[in-house]
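The questions below go through one protein model, from its overall make-up to single residues. Each reply gives its grounds before it ends on what was asked.

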Amino acid sequence: MFIVAPGGFDAETVMKGRQNVVATIKDIEKRGKEASQKEQSSVSTLKLINECMARGIKFLPINLKKSDQKAFLPENGSIRLPFSSLSGLGENAAQNIIDARNEEPFFSVEDLRTRAKLTKSVIEVLRKNHALDNLNETDQLTLF
């Protein structure tokens, strides 16, 4: 089992596909010392990801029902990304999501935010990465 190294894995880059991973590696290497320390240190991880993708290993997006806090979990021959691989979603927020999820499923974005005690910025990170696509915004019911 692999776990996320702080600042060492960017799910957004990976979810955009292998071409994006390769382009990111080339960009960082081209900029050399002008690239941030974090970017420079991510190159070896990106190269590993590129190798996995070249061998046909797929990375599955963050999923409120299936993702772990920081472990990359095998799933049907693919690898499910953990919550903490998202930039802007820290370990505490990831653990809060898992704790709340273990109590009962999330019914809405509002329910997730309240029970997992998430900030608006964390909700936006999840939204941007399509983790909230299957949730209603509020707990309100519409009656016809």
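The model is predicted, so local features need pLDDT of at least 70 and side-chain atom pairs count only at pLDDT 80 or more, while totals for chains, interfaces and linings use all residues. Residues are numbered from 1 along each chain as its sequence is written, and side-chain values use heavy atoms, with hydrogens and water left out.

Q: In what order do the elements of the protein chain run from the N terminus on?
A: Helices (H or I, at least four residues) and strands (E, at least two) are DSSP runs, numbered from the N terminus. The protein chain has six helices and four strands. Their order is β-α-α-α-β-β-β-α-α-α.

Q: What percentage of the residues of the protein chain count as buried?
A: The C-alpha trace spans about 55 × 35 × 30 Å along its principal axes. The protein chain exposes about 9200 Å², by the Shrake-Rupley method with a 1.4 Å probe, and carbon and sulfur atoms supply 52% of that area. Of the 144 residues, the buried part is 41%.

Q: Among contacts between residues at least 6 apart in sequence, what percentage join residues at least 24 apart?
A: A contact here means heavy atoms within 4.5 Å. Of the contacts in the protein chain between residues at least 6 apart in sequence, the part that joins residues at least 24 apart is 48%.

Q: How many salt bridges are there?
A: A salt bridge is a side-chain nitrogen of Lys or Arg within 4 Å of a carboxyl oxygen of Asp or Glu. One network of salt bridges links Asp27, Arg31 and Glu39. By this rule, the count is twelve.

Q: Why does the salt bridge of Lys47 with Glu29 tie together parts that are apart in sequence, and how many residues apart are they?
A: The closest N and O atoms of Lys47 and Glu29 are 3.0 Å apart. Lys47 lies in helix α3 (residues 37-54) and Glu29 in helix α2 (residues 18-31), so the pair ties together parts whose separation in sequence is 18 residues.

Q: Is Arg55 buried or exposed?
A: Arg55 meets Glu51 in a salt bridge of 2.6 Å, N to O. Glu51 counts as partly exposed at 37% relative accessibility. For Arg55 the relative accessibility is 64%, so this residue counts as exposed.

Q: In which helix does the salt-bridge partner of Lys70 lie?
A: The side chains of Lys70 and Glu91 meet in a salt bridge at 3.7 Å, N to O. The pair links distant parts of the chain, 21 residues apart: Lys70 is in the loop between β2 (59-60) and β3 (71-75), and Glu91 is in helix α4 (residues 91-103).

Q: Which residue has its backbone oxygen 3.1 Å from a polar atom of the side chain of Gln69?
A: Gln69 is in the loop between β2 and β3 and counts as buried at 12% relative accessibility. Leaving aside neighbours within four places in sequence, Gln69 is in contact with Pro82, Phe83, Ser84, Glu91, Ala94, Gln95 and Ile98. The backbone oxygen at 3.1 Å belongs to Glu91.

Q: What distance separates the C-alpha atoms of Ala11 and Phe59?
A: Ala11 is in helix α1 (residues 11-15) and counts as buried at 1% relative accessibility. Beyond neighbours within four places in sequence, Ala11 is in contact with Leu81, Ser85 and Leu86. Ala11 and Phe59 are 48 residues apart along the chain, and their C-alpha atoms are separated by 9.0 Å.

Q: What is the phi of Asn76?
A: Most residues other than glycine have a negative phi. Asn76 is in the loop between β3 and β4 (78-80) and is exposed, with a relative accessible area of 80%. Although Asn76 is not a glycine, its phi is positive, at about 50 degrees.

Technical notes: Buried < 20%, exposed > 50% of the residue type's maximum accessible area, 1.4 Å probe, protein only. Polar contact = N/O pair within 3.5 Å; in protein donor to acceptor, adjacent residues only side chain to side chain.
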